[in-house]
Amino acid sequence: MRLRAVFKVSQFRGGAPFVSYKPPVSSQLQSQPNRSSFGIAFDIDGVILQGRAPIEGSSQALRRLYDDSGVLKVPFVFLTNGGGIPESKRALELSQLLGVNISPAQVLQGHSPFRNLLSRYENELIVATGKGDPALVMSEYGFKKVLSIGEYASCFNNIDPVSQYKAWTNDNVFCLSSCLKDLGPNCDVLSERVQAAFVISDPVDWGRDIQVLCDILRSGGLPGRSGGHQPPLYFAADDLEYQAAFPLERLGMGAFRIALESVFNRIHHHPLEYVSFGKPNPFVFDNAEMMLKQLLLLHRDVRGMDDKRYPQSHSFGTLYMVGDNPSVDIKGARQAGHPWFSILTRTGVFKGEDNDSSFPADVVVDTVEEAVDYILSRERS
């Protein structure tokens, strides 16, 4: 029996129509065709999770993308600006929280593109900051001489003038000798210039990190020394706000970037130079499309499909971006263009009744469960 979905066509203030989806009475659709001509990218915070808790219906929605034996039926990835831990660990956490088998290849974090810079900085001294374990993230990408900004700051007496008032740093004893040993015998942190700084995720100690980054960047890579060009600075993302467990949005990496840039530009004669990755940059969506193609080919191999049905050059008819932040998820999908199709949920940053006026989505739904309902219904029609 075909299920009929109900749609409401509305106008947002820009004048263009959008579709507000109302799910069918039953979500039990017919089984999907063997070949998937579509793929899905899900944001995590505000779409799948609130903090560490799954949003109601998110686990059930994802299970519908697998067959009864647990094999991926519809290729999908998590496309998030978050991070701070390796993709392998994040995949394990998501698998446990959501009750489905998530592979590391399905986790695309804000800092995932940093691995593309390995050829440039593999054997250079770099620092990394952010919540989680930023140095471990970069080490797993293959960078050989990386320190967290906390470890790096510990090498310089009094670089953080208020460190004695921070109980959390006094209680945290860095294994600094082990970290420095890992850098190799020819590396002297007190005399070697930092070649690049990476903001992996939302920093925990803004005051220390702004101070130490300013010291590194305006000294040419060696605090306390003079001159030199500013080392490259990379941000994994530039979100001003994001949805966490608290009802109101929280300040994100973009807010930290604004604070750092404001201070740096007041104390240095040249403006701060930096590169931001993450959504809404179009190349992030190009990378997600490439990964979805790889998942589709893996799906072909697992099911024993022949090459004619799953050609190496397969192109998707539609790629769905399901997100909660119009200025990040929806803007990015719109900029990426065909074959991307944007779906905006109301469980995160966006909570409006109609569409967003600045970055309108193709479809607006209440939850990710309704988003999956809509996608599967649309692909069956």
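Let's start with Phe-235: in this predicted model, its relative accessibility is 0%, so it counts as buried. Its ring pairs up with the ring of Tyr-274 in an edge-to-face arrangement, with 5.7 Å between the centres and 85° between the planes. The two partners come from distant parts of the chain, 39 residues apart: Phe-235 belongs to strand β11, while Tyr-274 sits in the loop between α9 (253-267) and β14. Unlike a buried residue, which has under 20% relative accessible area, Tyr-274 has 29%, so it is partly exposed.

Now look at Tyr-234, which is also in strand β11 (residues 233-235). Tyr-234 forms a tilted aromatic pair with Phe-277, at 6.2 Å centre to centre and 55° between the planes. This is another link across the chain, since Phe-277 lies in the loop between β14 (275-276) and α10 (282-303), 43 residues away. Tyr-234 has a relative accessible area of 5%, so it is buried, and Phe-277 is buried too, at 12%. The structure holds 20 aromatic pairs.

The largest pocket has a volume of about 590 Å³. Its lining takes in 34 residues, and Asp-45, Gly-82, Gly-83, Arg-90 and Lys-131 lie nearest the centre. Helix α2 (87-98), β12 (241-242) and α11 (326-336) each give two or more residues to this lining, with α2 giving the most, three. Sorted by class, the lining has twelve charged, twelve polar and ten nonpolar residues.

Terms used. Residues numbered from 1 in each chain as written. Predicted model: local features only at pLDDT ≥ 70, side-chain atom pairs only at ≥ 80, totals over all residues. Heavy atoms only, no water. 1 Å grid on protein atoms, 1.4 Å probe; cavity = no way out; pocket = protein on both sides within 12 Å on 5 of 7 lines; lining within 4 Å. Points joined across faces, edges and corners; volume = space filled by probe spheres on them. Helix = DSSP H or I, 4+ residues; strand = E, 2+ residues; numbered from the N terminus. Nonpolar A, V, L, I, M, F, W, Y, C, P; charged D, E, K, R; others polar. Phe/Tyr/Trp six-rings, centres within 6.5 Å; stacked < 30°, edge-to-face > 60°. Buried < 20%, exposed > 50% of the residue type's maximum accessible area, 1.4 Å probe, protein only.
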